Amino acid sequence: MGAAPDTVLAPPARAAHYALTTGVIGTPRTADAALLAPGPENWHPAPQPFYASGTGPLGDMGPYYLTMLTYLLGPIEYVEATATSTRSERTIRTGPHAGDTFRADAPTHVVAFLRSRSQALVTVTTSFDIAATARPHLEIYGTDGSLVLPDPNFHDGSVRYRCRGEQNWQELPQDDVDVSTGRGLGVLDLVDSIRSGASDCRSGHRAHHVVEIIEAIEFARLSGHPAELRLLREERCAGLR
């Protein structure tokens, strides 16, 4: 089984993964991921489904960030979360219904604190309430340096790192940077696995785990209590990286 998103197959993700596994920034200890946006009503002519119960910024964009985080840092075992809605009433800005208002049923600003099985601490913020930001989409902090990744919603972008004691950021080399990549890369990878007879189901396992994380975040924010992901099978977790 294969599952989206497939951005972990793209050159930036592979370059970051190689850098982490070869110790470019030492041992990853913490990370920060942030989807900070004003909301899809600014560009989508029918944005209501993005705000339905169970969606919001966490359900819509969270999978891209959580998929990349689990690819780079491994499975998540512990979750805390809180949420708010800064603007529950939204106005459609484009299309035939521009000017119409609707109500957001899902939280529009969600903050989660995660701990990976490798004991890396991760902060994830997903928001449709932010007018503007200069904050990177994803940063990973290691014992010897920091790594900055591009938007995990896309398949391209530079990956930069800076080691302890250095004054300047450097860009990681990427393979296949001249090859066109985009939506559907995961389908091609799945076809290659079928043709080769490989039993590689990592994307399916990762997608299942990402759903577990989102459900844990929802439980934690609604209950006010931490959530522990105890039911992960070891053989499934082993295939996440």
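Helices (H or I, at least four residues) and strands (E, at least two) are DSSP runs, numbered from the N terminus. The model is predicted: local features need pLDDT of at least 70, side-chain atom pairs count only at pLDDT 80 or more, and totals for chains, interfaces and linings use all residues. Residues are numbered from 1 along each chain as its sequence is written, and side-chain values use heavy atoms, leaving out hydrogens and water.

View 1. Helix H1 (residues 11-21) is largely enclosed by the rest of the structure, because eight of its 11 residues are buried (under 20% relative accessible area, with exposed over 50% and partly exposed in between; 1.4 Å probe, protein chains only). Among the buried residues are Pro11, His17 and Leu20. Their cover includes strand E1 (28-36), helix H2 (56-73), strand E7 (138-142) and strand E8 (145-149). Gly23, which follows H1, has a positive phi, near 80°.

**View 2. Salt bridge between Arg14 and Asp175.** The closest N and O atoms of this salt bridge are 3.0 Å apart (criterion: a side-chain nitrogen of Lys or Arg within 4 Å of a carboxyl oxygen of Asp or Glu). The pair links distant parts of the chain, with Arg14 in helix H1 and Asp175 in the loop between strand E10 (170-171) and helix H3 (185-196), 161 residues apart.

**View 3. Salt bridge between Arg90 and Asp129.** Here the closest N and O atoms of Arg90 and Asp129 are 2.3 Å apart. Arg90 counts as buried at 0% relative accessibility, and Asp129 counts as buried at 13%. Both residues belong to a network of salt bridges that also links Glu41 and Arg87.

How values were computed: Contact means heavy atoms within 4.5 Å.
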